[in-house]
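User: Hi! I am new to reading protein structures and would like to go through one step by step. Could you help me with some questions?

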Amino acid sequence: MDSLKYRFRQQAGNPEALDLYIYSEVTGDYYEWEGWDLRKVTSETSCDYFRAKLAEYADVKQINLYINSVGGSVLEGYGIYCQLKRHPAQITAYIDGFACSIASVIACAADHVIGYPNSMYMLHNMADSVYGNAVTLRKAADDLDRIMEGNRQVYIAKSGGKLEMEQLTAMLDAETWLTAAECLECGLIDEIKGEGGMSEAQAANAMQRVNGELKKQLAKRQMLMQMLESAPPLPNAKQQGAEPAPPAEPKEPVQGKQSLMQMFAAYQKK
């Protein structure tokens with residue numbers, strides 16, 4: 001699944017039509033250690049990558065959007081949603097399995113959404129990792145509520161009046177799986193095609209994957225926070241009452257706390 005990621009394919013017989021596949025987690029750029037250096041890795045499933053690729057097909061008249069994704073980054077997904085909404089093409093989305101979390105928001109950018117009897121949506125409230133005192137933690141919870149307003153408005157608009165805000169909020173709070181028939185009833189999809197079905201075991205496995213990916217993202221951020229706390233301060237060459245020692249030849253480059261703070265600040269903006 002990950003090897004597909006985002007695939008943009010212009011139809012050979014119809015150059016005005018574009019087949020677009022979102023078959024992976026939606027993730028942004030990230031950082032990883034290479035020796036003592038923290039380097040940026042460009043994600044092929046970020047909204048910036050999506051923007052650059054979509055710009056290559058600015059003149060297409062029809063976009064067929066195929067989705068099978070467990071979701072991912074809200075920041076990246078919001079950007080993708082808006083890029084699709086601005087595109088002048090008629091957009092038809094096909095739910096090829098799962099449209100979970102932010103992937104279900106992206107599906108709402110389509111003019112017409114087609115599901116299958118085995119298609120599933122998963123709606124839930126977003127999560128984040130937070131480091132700080134009680135004031136910071138309370139503010140983070142309030143910020144999450146405010147950011148979730150964007151999700152709620154997208155779902156309400158797509159439903160065409162079939163979803164009430166109170167009903168939607170209860171679904172999000174309960175982390176709800178919706179079958180294709182339930183999505184049709186709620187207005188989140190417009191049509192069901194084909195035959196088939198999804199077992200409870202398949203739905204449970206998908207939920208485990210969603211939670212697993214979320215835990216990985218939170219663990220990365222917590223690791224960076226711990227590194228910042230334990231990093232040594234930069235050496236001070238002008239210590240009072242002592243001559244500065246000649247600089248030694250380090251075997252490997254060492255990053256000080258100030259440098260790590262700058263890199264982490266850049267990471268947090270992504």
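This is a predicted model: local features need pLDDT of at least 70, side-chain atom pairs count only at pLDDT 80 or more; totals for chains, interfaces and linings use all residues.

User: Does S159 count as buried or exposed?

Analyst: S159 sits in helix α4, which covers residues 134-159. Its relative accessibility is 4%, and buried means under 20%. Therefore S159 counts as buried.

User: Which residues is S159 in contact with, leaving aside its neighbours within four places in sequence?

Analyst: Let us begin with the chain around it. The C-alpha atoms of S159 and L184 are 9.1 Å apart, although 25 residues separate the two along the chain. Leaving aside neighbours within four places in sequence, the residues in contact with S159 are C186 and G187.

User: Helix α4 also meets helix α5. Are α4 and α5 parallel or oblique?

Analyst: Two packed helices are described by the angle between their axes and the distance between the axes. For α4 and α5 (residues 165-173), the axes come within 11 Å and cross at roughly 125°. That angle makes the pair oblique.

User: Which residues of α5 make that contact with α4?

Analyst: The crossing of α4 and α5 is right-handed. On the α4 side, the contact is made by M148, R152, Q153, Y155 and I156. Their partners on α5 are M165, L168, T169 and L172.

User: What about α1 and α2: how are they arranged, parallel or antiparallel?

Analyst: Helix α1 covers residues 47-55, and its axis lies 8 Å from that of α2, at an angle of about 20°. Angles under 35 degrees count as roughly parallel. So α1 is roughly parallel to α2.

User: Which residues of α2 take part in the contact with α1?

Analyst: α1 passes α2 in a right-handed crossing. From α1, the contact uses C47, D48, F50, R51 and L54. From α2, it uses E76, G79, I80, Q83 and L84.

User: Which residue caps the N-terminal end of α2?

Analyst: α2 runs over residues 74-86 and reaches 18 Å from its first C-alpha to its last, close to the 18 Å expected. At its N-terminal end, a side-chain oxygen lies 3.4 Å from the backbone nitrogen of L75. The residue that provides this oxygen, and so caps the helix, is S73.

User: What is the relative accessible area of S69?

Analyst: S69 belongs to strand β5, residues 62-69. Not counting residues up to four places away in sequence, S69 touches I22, S24, E25, V26, F98, A99, C100 and A103. Its side chain also reaches the backbone nitrogen of G71 at 3.1 Å. S69 is buried, and its relative accessible area is 0%.

User: What is the phi of S101?

Analyst: S101 lies in the loop between β6 (90-100) and α3 (102-107), and it is buried at a relative accessible area of 13%. Most residues other than glycine have a negative phi. S101 is not a glycine, yet its phi is positive, at about 55°.

User: And E175: is it buried or partly exposed?

Analyst: E175 is in the loop between α5 and β9 (176-179), and has a positive phi of about 50° although it is not a glycine. Its relative accessibility is 34%. Buried means under 20% and exposed over 50%, so E175 counts as partly exposed.

Terms used:
Residues are numbered from 1 along each chain as its sequence is written. Side-chain values use heavy atoms; hydrogens and water are left out. Helices (H or I, at least four residues) and strands (E, at least two) are DSSP runs, numbered from the N terminus. Buried means under 20% relative accessible area, exposed over 50%, partly exposed in between (1.4 Å probe, protein chains only). A polar contact is a pair of N or O atoms within 3.5 Å; within protein, one must be able to donate a hydrogen and the other to accept it, and residues adjacent in sequence count only if both atoms are side-chain atoms. Contact means heavy atoms within 4.5 Å. The expected span of a helix is 1.5 Å times one less than its number of residues. Axes are lines fitted to C-alpha atoms, for helices over the stretch in contact, and angles run from 0 to 180 degrees between N-to-C directions. Angles under 35 degrees count as roughly parallel, over 145 as roughly antiparallel, 65 to 115 as roughly perpendicular and the rest as oblique. A crossing is left-handed if the near helix is turned anticlockwise from the far one by less than a right angle, and right-handed if clockwise.
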